[in-house]
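Please look over the structure below before reading on.

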Amino acid sequence: MNLRVKLLRSSSVFAHLCCIFLIIFFILQKSTAQTATTDPAEGTRSMGHNELTGPIPKEIGNLKELYFLAFGSNNFTGSLPHELGNLAKLENFFMDSSGIGGEIPSTFGNLRSLKKMWAYDCPLTGKIPDFIGNWTKIESLQITDIYNGSSSIGFIRSMKNLTNLSLRNALISGNIPSNIGELQMLKTLDLSFNNLTGQVTSALFSIDTLTHLYLGNNSLSGSLPQQKSVNLQTMNLVGNNFTFDSSNISVIPGLNCLQRNFPCNKNDPRYSRLAIKCGGKQLRVGNIVYEADDGGASFNVLNSEKWAVSNVGLFSEGQFNTLPQNTGSEVINTTTPDLYQTARQSPGSLRYYGLGLENGVYNVSLFFAEIIYEDRTSRKWGSLGRRVFDVYIQAGGVRRAIRRSFDANVTDNHLEIHLFWTGKGTCCVPAAGSYGPLISALSVTPEFQPTVGLEQKKNQIGLIVGITVPLVILGISLIFVVFYLRMRKDKDDTEGKNPIEFNSNAWSLHESNQSLGLLDPTLTEFDENEALRVIAVALLCTQASPMLRPPMSRVVNMLTGDIEVGAVTSKPSYLSDWDFNDVTNTFTNDNIGTSSSSASYSKNKSDNPTDLSPGVKPLHSPLNISQFRDAISEGR
C-alpha cells in the first residue's frame, strides 16, 4: 500500500513561461556566438528550481567553457543529450530531480574534470557505467533511484578524492570492495536500499574521516567488526542479515532487532497497539498516550522492544534538522493542536517499526502538518515551497492538520511504516534542508479482539482491580494500624507477626534484591518478572504519603505492563518510625546479604534466576502469582 502525500503545492504559470523564454533566449545567443571566454561568470549556467518542461537542448554541449551546469528540480523529459559529453571543463553538474531519464551516455566518459555530480531522483536506467571510475577528481557523487539494470561498485577504486558517495536505491549488487578502506578522504557513504551481499570489511569501519555510514536494507551477512573509528558516530545498518552474539551485540545496541527476520519478540507477541509522538515528548491525548520519540540517533529501538525508528540520509549542504518545531501560528483543523507542535523530518527514508505485535488487521493512522513553510497568505518567498513524499505501509496546506488512515495486515509479528523522499517538491525553500518526509504522530490499533496487550487486560480488569485494591487498602490500613500497635507496644511484644512486621520483612527482602522470597514456597512454576512487578507495585502502594503512592490508573498500567514500574527507593515513614530492635532503621536481617538502596523492575530477567534468594526462608504470601499470570502477559 502506498500514498503520495503533498503537504503544499505551488505553481505560477506566468513565472514559468518567463523563465523558459529567458533560458531559451540565452542558449540560442550563446550557441550562435561560438566564442570562448575566460570570464568566470560566463562559465556557470543554472536553470534549477524553475519547473521547466521539454527536452534538454543539445546546444548546451557547445558551451565548452562551462564548468558549472545545473538544471535540477525541473520537469524536463527525454534523455541526457550526448553532446553534454563535450563539456570537458565541467566541474559541477547537478541534474537531481530534473525529470531526465534513460542511460548515462558513453560520451560522459570525457567529463574527467568533474568534482561534483548529483543525479538523484532521476528515472535513470541501465548499469552505472564503469568509465565513471575515470572521474578521478570527483569529490561528491550521488546517483540514486535507478529503475532497472544491475551494477557493482568496483569503479570507485580509483576515486581517491571522494568525500561523499551516495548510490542509494541504485540496484547495486555484489560485495563491498575489500580495498574500500583506501578511500581515506571519505566522510559520507550511503549504499542503502541495494542488493549488496557478503560481509562488511573491518577496513570500512576504520576510515578515520568517515562520519556517516548507511548500509541499511541490503543482504549483508556475517558478524560486524568489533571496533570502529571514533569519528564514525552515525550508522544505519538495519534490514540486513547480520549475526549477533555476546562479542558484537553491544557494538550497535538494538540493531539485532532490526534485521530482515525481525527476531525480537517474534512468535511471542506481547503488544496489540502503539502510539508514537514523532519528534517530541510523551503526550496524552484523551485515552491515548503517545510515547516519546525525541532522540537524534540514526535509529533507535525502544528498551521494551515494542517499536523502533530508523532515519537515513543527510540533508543537502550539511543541513540536518530532523526534529523541527512549530514556531508559527497554531495548527488548525484539529482539536489537539499540541499533537502537531513538533515533528520528525527525514532527508530520505524514515521508517517506524512495530515489534512483537499480535498478528491480525490493524488500523494505522498517520498525522501530518506542514510546520516549516510560511503560509501562502503571508505572500513571502518562503511560502512557495512544497513538500511531497511517499508513504508505504507493509505488513493540505500550511499548519493544517492532516490525518490519513490505512488498514495493514500483520502476519509475522511486525509492522513497517515507510516514509520515503524521492526528490519531489522543493529542496531549498525557505532554506536548504526544507524537504523530505515530515510526520507529527502515528497510532496503530487492532481491528480484532486481541489476546495480548491492553485489550486483553481490559477484559480481565476485574481481576487486576481485585488484586490492586486490596494492596492499596492494606497500605492505607497500615498507616492507622501503626498507631494502635504503638499504644500496645509495651504489652504486645514480638509474639506472632503483625502487618507492620510483615511489611518490614518485605522491605528487607526488597533492599537485599531478594523480593522473590515473599512468594509461597509451594509455587514451582511462575514468571519471575511478573512476580517482581507485582511486588514492586505493592511496595509503592504501601507508602504513607499520598504524594508517593501512585494513583489507581497508574497502578493498573504498571501491572499490565503499559508503563514501567519506577525504582522503589523510599521506605514508608511508619516503618522508619517503628522500632523492631533495629537502631539503624535499615531492617537488615542476619540471614540476608548486603542491602541495596534501590531496585528497578523491567522486562529483563535475572542473570541467575534459580538463585535469587539463597539462604532466605520465603514468607508465606496470601497472593498466588499463578492466579493472575495469564492476565499480565505483556513485557514482564
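In this predicted model, 11 aromatic pairs are counted on the rule that ring centres lie within 6.5 Å. One of them joins F71 and F76: their ring centres are 6.1 Å apart and their planes stand at 90°. Planes over 60 degrees apart count as edge-to-face, so the F71 and F76 pair falls in that class. Both F71 and F76 are buried.

Another pair, F262 with Y353, is tilted, with 5.6 Å from centre to centre and 50° between the planes. F262 sits in the loop between β16 (241-242) and β17 (274-278), whereas Y353 belongs to strand β23 (residues 349-355), so this pair ties together parts 91 residues apart in sequence. F262 and Y353 are buried as well. Elsewhere, F68, F94, W118 and Y120 make up one aromatic cluster.

Next come the helices. E530 is part of helix α6 (residues 528-541). Its relative accessible area is 5%; buried means under 20%, so E530 counts as buried. From E530 to T560 the C-alpha distance is 9.5 Å, at a separation of 30 residues in sequence. T560 is one of the buried residues of helix α7 (residues 552-560), together with V555, V556, M558 and L559. Just after α7, G561 adopts a positive phi of about 85°.

As for confidence, the mean pLDDT of the protein is 75, and 65% of its residues reach 70 or more. Residues 4-41 have pLDDT below 50, and this stretch makes 59 contacts in the model beyond near neighbours in sequence. Residues 579-636 are also below 50, with 134 such contacts. Where pLDDT is low, predicted coordinates should not be read in detail.

Terms used: Residues numbered from 1 in each chain as written. Predicted model: local features only at pLDDT ≥ 70, side-chain atom pairs only at ≥ 80, totals over all residues. Heavy atoms only, no water. Helix = DSSP H or I, 4+ residues; strand = E, 2+ residues; numbered from the N terminus. Buried < 20%, exposed > 50% of the residue type's maximum accessible area, 1.4 Å probe, protein only. pLDDT = per-residue confidence, 0-100. Contact = heavy atoms within 4.5 Å. Phe/Tyr/Trp six-rings, centres within 6.5 Å; stacked < 30°, edge-to-face > 60°.
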